[in-house]
Amino acid sequence: MSVIPTAPVSQLLQLKPLLDEAEIRRDIERLRRERNAVILAHNYQRPEVQQIADFVGDSLGLARQAACTDADVIVFAGVHFMAETAAILNPDKTVLLPDERAGCSLADTLTAQDVRDWKAAHPDGVVVVYVNTTADVKAEADYCVTSGNAVQIVSALPDHVPVLFAPDKFLAAHVARETGRMLDVWDGACHVHAAIRIEDITAQQEAHPDAELLIHPECGCSTRVLQQVPDLRLYSTEGMVTRARASSASSFIVVTELGMVHRLEREVPGKTFVPVAQTACCNYMKMITLENICESLRDLSGQVTVPEPIRRRALLPIERMIAIG
Ligand code: 13P
Ligand code: SF4
């Protein structure tokens with residue numbers, strides 16, 4: 001059974017100052033070559049971590065990169081469930097999570113036993129789990145989804161099948177709205193997205209009246225915003241990049257975790273991106289630093305492995321996820 005070590009939030013941002021950033025960057029470059037390693041970073045990572053990564057993206061993009069890399073070592077600049085997904089896809093590679101305490105409050109809301117009990121109560125149901133779950137939970141699931149393809153995957157399921165959707169209730173509400181399907185929903189949420197308030201959005205709209213809203217479906221406030229703006233689209237983090245490029249708007253209010261603003265500024269120069277609230281910060285994502293990436297590459301520390309019986313069962317829902325969207 002895999003365990004997500006969840007450190008108290010107060011400890012998570014107590015980081016050592018960088019001694020010599022240029023030197024650490026040089027060491028990372030050297031170690032990356034020597035180890036034939038690739039660094040995959042989520043859109044919520046610190047700016048300097050995004051800048052040193054070989055690939056930056058959303059959960060779906062990162063899983064796809066992990067599935068096709070020919071590197072021997074994958075350094076995951078993200079959180080535990082993402083590194084586990086890479087390990088499930090690559091049993092013969094070394095997968096490193098530079099700080100093993102980088103968990104996820106949403107993944108923590110659901111255990112494999114919860115899913116077994118839920119299935120027992122709905123034996124004809126299809127279990128669809130968000131990628132933000134442990135390997136043990138994925139091993140109990142039929143399909144795995146990300147915010148980038150959840151709507152497509154659920155709409156492709158036969159109409160008569162009951163769908164058990166876990167663990168994010170706000171993503172579930174988005175999927176139910178978009179597909180018109182009734183879902184049986186787990187009562188889970190991400191503490192960062194659930195804490196973003198409608199008042200935070202309104203305050204930014206007053207300060208930036210021409211800005212377009214980019215809202216992630218994990219946000220609890222999205223239902224109320226949609227009541228006011230029914231044709232508003234919600235976007236995965238990568239979907240936000242695509243939308244910001246295509247939109248005629250020149251400024252955007254970014255309603256998700258803060259790190260996304262850096263990704264958008266890099267990818268879509270010339271436009272303005274305003275974070276919805278400085279408090280929308282995932283402490284787990286921010287635990288990954290240049291220093292611990294360097295240490296992890298040097299010592300091969302923070303190895304993430306998944307026991308083979310669990311890995312084999314978790315692989316199918318993950319492969320289905322990667323294939324769609
Ligand atoms: P995406 O990057 O898939 O949109 O998910 C956001 C998230 O909260 C990851 O933990
Ligand atoms: Fe988990 Fe929320 Fe952090 Fe994403 S932002 S890793 S869902 S705690």
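Q: What makes the area between domain 2 and domain 3 count as buried?
A: Buried area is the accessible area (1.4 Å probe) that two parts lose on being put together, summed over both. For domain 2 and domain 3 of this predicted model that loss is about 810 Å², and carbon and sulfur atoms give 56% of the area. The domain bounds, 107-189 for domain 2 and 192-281 for domain 3, come from an automatic or database domain assignment.

Q: How many residues of domain 2 and of domain 3 are in contact?
A: Contact means heavy atoms within 4.5 Å. By that rule, 10 residues of domain 2 touch 11 residues of domain 3.

Q: Why is the pair E267 and R263 called a salt bridge?
A: A salt bridge needs a side-chain nitrogen of Lys or Arg within 4 Å of a carboxyl oxygen of Asp or Glu. The closest N and O atoms of E267 and R263 are 3.3 Å apart, so the pair meets the rule. The two residues are 4 apart in helix α14 (residues 259-267), which means that about one helical turn separates E267 and R263.

Q: How many salt bridges does the rule find in the whole structure, and how many across the interface of domain 2 and domain 3?
A: The whole structure has 19, while the interface of domain 2 and domain 3 has 0.

Q: What are the angle and the axis distance between α2 and α15?
A: Helix α2 (residues 21-35) and helix α15 (residues 290-299) pack at about 35 degrees, with axes 9 Å apart. Helices here are DSSP runs (H or I, at least four residues), numbered from the N terminus. Axes are lines fitted to C-alpha atoms over the stretch in contact, and angles run from 0 to 180 degrees between N-to-C directions.

Q: Is the crossing of α2 and α15 left-handed or right-handed?
A: The crossing is left-handed, the term for a near helix turned anticlockwise from the far one by less than a right angle.

Residues are numbered from 1 along each chain as written, and chains are lettered from A and ligands numbered from 1 in written order. Local features need pLDDT of at least 70, side-chain atom pairs count only at 80 or more, totals for chains, interfaces and linings use all residues, and side-chain values use heavy atoms, without hydrogens and water.
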